[in-house]
Amino acid sequence: MSRDLVFEIGVEEIPSAPLYAAIEQLKTDASAALKAARLGYEHLETHGAPRRLTLYVTRLAERSEDLSERVKGPAAKAAFDADGKPTKAAEGFARSRGIDVAALELVEGDDGAYVYATVEQPGRAAAEVLPGLLAGVCEGIDWPKSMRWGSGETRFVRPVRWLAAVLGDDVVPVEFAGLTAGRATYGHRFLTGGPIEIASAEQYSSVARIGLFVYDQAERARLVREGVDAAAVAAGGRAVVPEKTFAEVVNLVEWPTVVTGHFDTDFLEVPREVLETAMESHQRYFPVETADGALTNAFIVAHNGDPERSAEIVAGHERVIRARLADATFFYREDLKSPLEANVARLDTIVFQEKLGTLGRKVARMEALAGALADLAGADAGVRAEAVRAAHLAKADLVSHVVVEMPALQGVMGRYYALASGEGEAVATAIVEHYRPRFAGDQVPSTAAGRLASAADKLDTIVGIFAIGQGPTGAGDPFALRRAALGILAMVTEGGLAVTLDAAIAAAIAGCARDLPGLDAEETGAEVKAFFIGRLEGLLKDRGFAYDTVDAVLATAGDDPADALRRCHALQTARDSDPETFDDLATAFTRAKNLAQADLGTQTDDAMMTPPETALATALAAAEATVAGLVADGAYPEVLAELAAMRAP
């Protein structure tokens, strides 16, 4: 026999992101708890809405399975004394298993004689098991932040206001947060009133329709998506729907209604990123753009109110966005009143790091380092000048009115202000790109000046923080140095930033030394180099190269990450695709290693050689010259083939 189970935790409005995590944890924990209780079921699913977490189990067994297991105990010689009487070890083992010591069995096996206990646990009715099981699941949910309320000690993300638990058509009296579960749930906060009874678990979906709440987050997502798409078409465009904003909106509404509002077209003179940030991040609206990508003055809202009062709701949203956009427009116009260069001096009033000085000092170091990196990379004078100028202006927008209000637009606004100040396109683009790559898989800067400015910013931070002894630890990386190092490595291996680690690190240390008297350049350089090698090792392994391929390459080519990547490709390809060449290479190397005697030097006397030795010397000299040229060209597959050919001579 089996019955369906529905368990609902009624809560005051839960924040969106923690709700997603709680839905998954509820599923994992409930599954594990039912398995541990030996209660079988056909299907288990969990759902969440702003005011509720729901567990639904289909065809839950009426009774847990009986358990009979044999448990191995201590060895016979430890369980019984010389007279054959049970020792304290045997008594303790029997007691731990809930049986009499006389019930222990002695079993001979390949590993000797041991005592065993046969434990019988009869099944229990699901109605007996579930109250404690479900209460434990509630208590076990982890929240990033939890709270207490009233006079109780229970902690939860928000105050728990009701519990509903119904097995078939019977109530399961779960006790949690000072409440005892019944069969009553509560519908939409504004559209319904009073409790709604769940007559049986199978009727939960019908109750949800009566209560005007969509408890299934996937179904709400479908309704919102379809509504947004339809509203955008009706507005004559297409919706701009960032997935992060969309996911948040899905968990802000229980009975979604999608509507369209408009703002004054005058606001469209402001950069679209400002408008989009105000709409998406601040208000969770979806902007609308035309087919050719131009932003319109329409926006889409998924609201949780009465659908019949949508006109009033839209009017309210329009008043809110009008005020926000008016502020943004004012800030933007104020910023345009002075050139971006005027902001640079103000960076001296902002502390970057106590020991490393102000943002103004960091910018000065970035300028010098961008020029040094340009020289190391062999950049032409034009690119060098663009990189230095971009580094000079890179942080200037941080003190602008718009970025102070909308920090996510740092760099983006710098580009707009640079162009408005008469800077060239290359410099303006490098300003916004110097923050890239911001995370694993993000695009690297598209321009040489952008890569140089980005590397200068990131490398200055890495070297500076290591220089003051605050490098990353296992407990934390507050300056995101690991991410910065991976960004530099991505630009070197993928973006065409042609610098080596030793030279780049030395240039950064030279800049920091001016602000850190007494800096130990050698020690800092070694720490930073080891830090980069560790990141490079992980990067190469993440790309699928074998650990020993990576170890072999980094033993000789760790200073040049781009070169290391090419060597890994060549060596791994030889191992995987050309086993004959690799076998020849390994054999030739092993013979040379076994025959070599370093204390004898490398000078030879041709007169002493036999014909085979002469042939070897001739082949070696020819290969040495050929390989040197191939290595210089980075033609590593050909290098391996040339060295493998030494096996015969």
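Start with contacts, meaning heavy atoms within 4.5 Å. Of those with a separation of 6 or more, 65% join residues 24 or more positions apart.

Some ground rules. This is a predicted model: local features need pLDDT of at least 70, side-chain atom pairs count only at pLDDT 80 or more, and totals for chains, interfaces and linings use all residues. Residues are numbered from 1 along each chain as its sequence is written, and side-chain values use heavy atoms, with hydrogens and water left out.

Now the overall form. The C-alpha trace spans about 100 × 95 × 50 Å along its principal axes. Buried residues, those under 20% relative accessible area with a 1.4 Å probe and protein chains only, make up 45% of the 649.

On to the rings. The whole structure has 12 aromatic pairs. The rule: rings of Phe, Tyr and Trp (its six-membered ring) pair if their centres lie within 6.5 Å; planes under 30 degrees apart are stacked, over 60 edge-to-face, the rest tilted.

Take Trp162 and Tyr186. Their ring centres are 5.1 Å apart and their planes at 50 degrees, so the pair is tilted. Trp162 is buried, at 7% relative accessible area. Tyr186, at 31%, is partly exposed, the class between under 20% and over 50%.

Next, Phe466 and Phe531. Centres 5.1 Å apart, planes at 55 degrees, so tilted. Both ends are covered: Phe466 is buried at 12%, and Phe531 is buried at 9%.

Last one. Ring pairs also link Trp143, Phe156 and Phe176 into a cluster.
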